Amino acid sequence: MRMTSITSLQNEKVKTMAALLEKKHRDRTGRFIVEGVHLVQEALLAEADVETIVIDIERGIPAELRTLLSQTDCELIEATPAIIAKCTGTDSPPPVFGVVAKPMPGTSALFKPDSLVIVLDGVRDPGNVGTIIRSADAVGADAVILGQGCVDLYNPKTVRSTMGSLFHLPVIEGDLAQLLPEAKERGITLVGTSLQATSTCYGYNWSGPTWLLMGSESQGLSADSLAQVDERIIIPMHGRSESLNVAMATTVLLYEAMRQRRYG
């Protein structure tokens, strides 16, 4: 394991890594930042394309990463806490971060005979998107699609909130105007939520190939996406709460789908 040291904030490598905090540089380079021991560990275990790992020079290699780092051929750098703070944009810099190439998942998982796919339309909160990806991972869903208007998948806040699930299933940024009609042509049912629906999520049959469409926190599904929906369902509520946020609602629906598919 060979490691180089960087101590200057003016180092060109530091400037290049710090630039990845901005979407335009992530888009241009096809790279993004993962912060902290857990996310770096998940990226390495998933055999993601980890290009560089930067370790706090004062704290040394985290014990959880020693074996993994001994087996990787990525660039290893030790740097000062100030450099790590600059590259991660956090007030309390993590002990390690990595630079990872964006995955390029194919679309085959979307069209499996029994596919369960979550489609997000205009969901802009990074915490909600990250939680939905984690829930999709937890129930064994096949993929998550982020349509236009969603928060950038590789925004550091989104990446953090996925807690590594980003590396466990395909997460595809796609054009819903093309993908939704294609899904319908292939016999996939598009399901959305509606307060006017008469069928509950518990009465709906989730066993067939299904794409679950979830809209923005404030506006719901766009008119174009809503026009594509085949089935509308509602999550029944018996208390006084008026609604669930999009991440909670998606999780409820996904767990009912899993219950029917695996335990029904």
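1. In helix α8 (residues 176–185), the residues L176, L179, L180 and A183 are buried. Because these four span an arc of only 95 degrees around the axis, they lie on the same side of α8. This accords with the geometry of an α-helix, in which there are 3.6 residues a turn, so residues three or four places apart point the same way. The model under discussion is a predicted one.

2. The opposite aspect of α8 deserves a remark. Exposed residues A177, Q178 and E185 are carried on the face turned away from the buried side. As for the buried residues of α8, their cover includes the strands β6 (116–121), β7 (143–146), β9 (189–193) and β11 (210–215), together with α9 (223–228).

3. Just after α8, a positive phi of about 85 degrees is adopted by G187.

4. The surroundings of I53 may be listed in more detail. Neighbours within four places in sequence being left aside, I53 is in contact with V40, L44, L69, C74, E75, L76, I77, V96, F97 and G98.

5. How many disulfides does a search of the whole structure find? The search returns 0. C74 is accordingly in no disulfide, and the nearest cysteine sulfur, which belongs to C87, is 15 Å away. C74 counts as buried because its relative accessibility is 9%, under the 20% limit. C201, at 0% relative accessibility, likewise counts as buried.

6. Strand β1 (residues 3–6) contains T4. With a relative accessibility of 33%, T4 counts as partly exposed. Residues up to four places away in sequence not being counted, T4 touches L76, I77 and E78. The C-alpha atoms of T4 and T72 are separated by 15 Å, these residues being 68 apart along the chain.

7. N128 is placed in helix α6 (residues 126–139). Is this asparagine, N128, buried or exposed? N128 counts as buried, because its relative accessibility is 10%. Beyond its neighbours within four places in sequence, N128 is in contact with V123, E217, N245, V246 and A247.

Technical notes: Residues are numbered from 1 along each chain as its sequence is written. This is a predicted model: local features need pLDDT of at least 70, side-chain atom pairs count only at pLDDT 80 or more; totals for chains, interfaces and linings use all residues. Side-chain values use heavy atoms; hydrogens and water are left out. Helices (H or I, at least four residues) and strands (E, at least two) are DSSP runs, numbered from the N terminus. Buried means under 20% relative accessible area, exposed over 50%, partly exposed in between (1.4 Å probe, protein chains only). Contact means heavy atoms within 4.5 Å. A disulfide is a pair of cysteine sulfur atoms within 2.5 Å. The arc is that of the directions from the helix axis to the C-beta atoms.
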